[in-house]
Amino acid sequence: MRPILTLAAVSIAGACARPPAIPPISPRGDLAASHDWTRVTAVIDSAIRDGVMPGAALGVSVGGRHMTYGSGRLGDSQPARPDSTTLYDLASLTKVIGLTTAAMIAVDRGQLDLDIPVQQYVAAFRGEHKHRVTIRHLLTHTAGLPAWRPLFRETASRRAALALADSTPLDTLPGSAT
């Protein structure tokens, strides 16, 4: 179980520039006192120290007992905290864990073809050269769309966010950039 916890903790935050060092927060909670978390916290602290990620917050709950741990800083220089005050962008994880898994199940069932244009599945996905964008392009970040767009800040509803995503112009031709 410890390798899974270690992997989850290291995977939480994405790589970015090395942040200024801050002392880690000691493991807290009733589960913290009953287990040795040194190996787990050492992996997190080492990854932060080596610049693999800026910070991490870990929470473990077993049988109603809890342990929390936080270390490093986020991009805005705030200390990482294992509570609701530390927010991470989990888009990178949701794509790998959720979307890619669901897409591969749909491909296996014959419900999705990765090389068919997105417009055959989403008619509203319109704009210059968008007729050439395939599902595979979207999954491999080669569709030509901007690398990041804060739809959550630019729109007030799911419907508006989807409409904005559908109408966002391409930065490059599909398949030309990696």
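The discussion below sets computed values of a predicted model against the definitions of the terms applied to them.

Trainee: What elements does the protein contain, and in what order do they run from the N terminus?
Mentor: The protein has seven helices and three strands. Their order from the N terminus is α-β-α-α-β-β-α-α-α-α.

Trainee: Why is H137 called buried?
Mentor: The limit for a buried residue is under 20% relative accessible area. H137 has 17%, so the residue is buried. H137 belongs to helix 5, residues 135–139. Leaving aside residues up to four places away in sequence, H137 touches R132, T142, A143, P174 and G175.

Trainee: How many of the residues in the whole protein are buried?
Mentor: Of the 178 residues, 33% are buried.

Trainee: Why is A163 called partly exposed?
Mentor: The term covers values between the buried limit of 20% and the exposed limit of 50%. A163 has a relative accessible area of 44%, so it is partly exposed. A163 lies in helix 7, whose buried residues are A161, L164 and D166. Helix 6 (151–154) is included in what covers those buried residues.

Trainee: How far apart are the C-alpha atoms of A163 and F125?
Mentor: They are separated by 8.4 Å, while the two residues are 38 residues apart along the chain.

Trainee: What makes the position of K130 one over the face of F125?
Mentor: The distance part of the rule requires the charge to be within 6 Å of the ring centre. K130 is at 4.4 Å from the ring centre of F125, which meets that limit, and K130 is listed as lying over the face.

Trainee: How many aromatic pairs are there?
Mentor: The count of aromatic pairs is zero.

Trainee: Why is the contact between R136 and D115 called a salt bridge?
Mentor: The rule requires a side-chain nitrogen of Lys or Arg within 4 Å of a carboxyl oxygen of Asp or Glu. The closest N and O atoms of R136 and D115 are 2.7 Å apart, so the pair qualifies. R136 is partly exposed at 38%, and D115 is partly exposed at 47%.

Trainee: How many salt bridges does the structure hold, and what is known of R149 and E154?
Mentor: The structure holds two salt bridges. R149 and E154 form a salt bridge, with their closest N and O atoms 2.9 Å apart, a value within the 4 Å limit. R149 is partly exposed, with a relative accessible area of 31%, and E154 is partly exposed, with 40%.

Trainee: What makes a group of residues a nonpolar core, and which residues touch the most other members of the largest one?
Mentor: The members must be buried nonpolar residues joined through side-chain atoms within 4.5 Å. The largest core has 13 residues, and W37, I44, M53, L58, V60 and M67 touch the most other members. Two or more residues each come from helix 2 (30–34), helix 3 (38–49), strand 2 (55–62) and strand 3 (65–72). Helix 3 gives the largest share, four residues. Another core, of 11 residues, lies apart from it and includes A106, F125, V133 and I135.

Conventions. Residues numbered from 1 in each chain as written. Predicted model: local features only at pLDDT ≥ 70, side-chain atom pairs only at ≥ 80, totals over all residues. Heavy atoms only, no water. Buried < 20%, exposed > 50% of the residue type's maximum accessible area, 1.4 Å probe, protein only. Contact = heavy atoms within 4.5 Å. Phe/Tyr/Trp six-rings, centres within 6.5 Å; stacked < 30°, edge-to-face > 60°. Lys NZ or Arg CZ within 6 Å of the ring centre and 35° of its normal.
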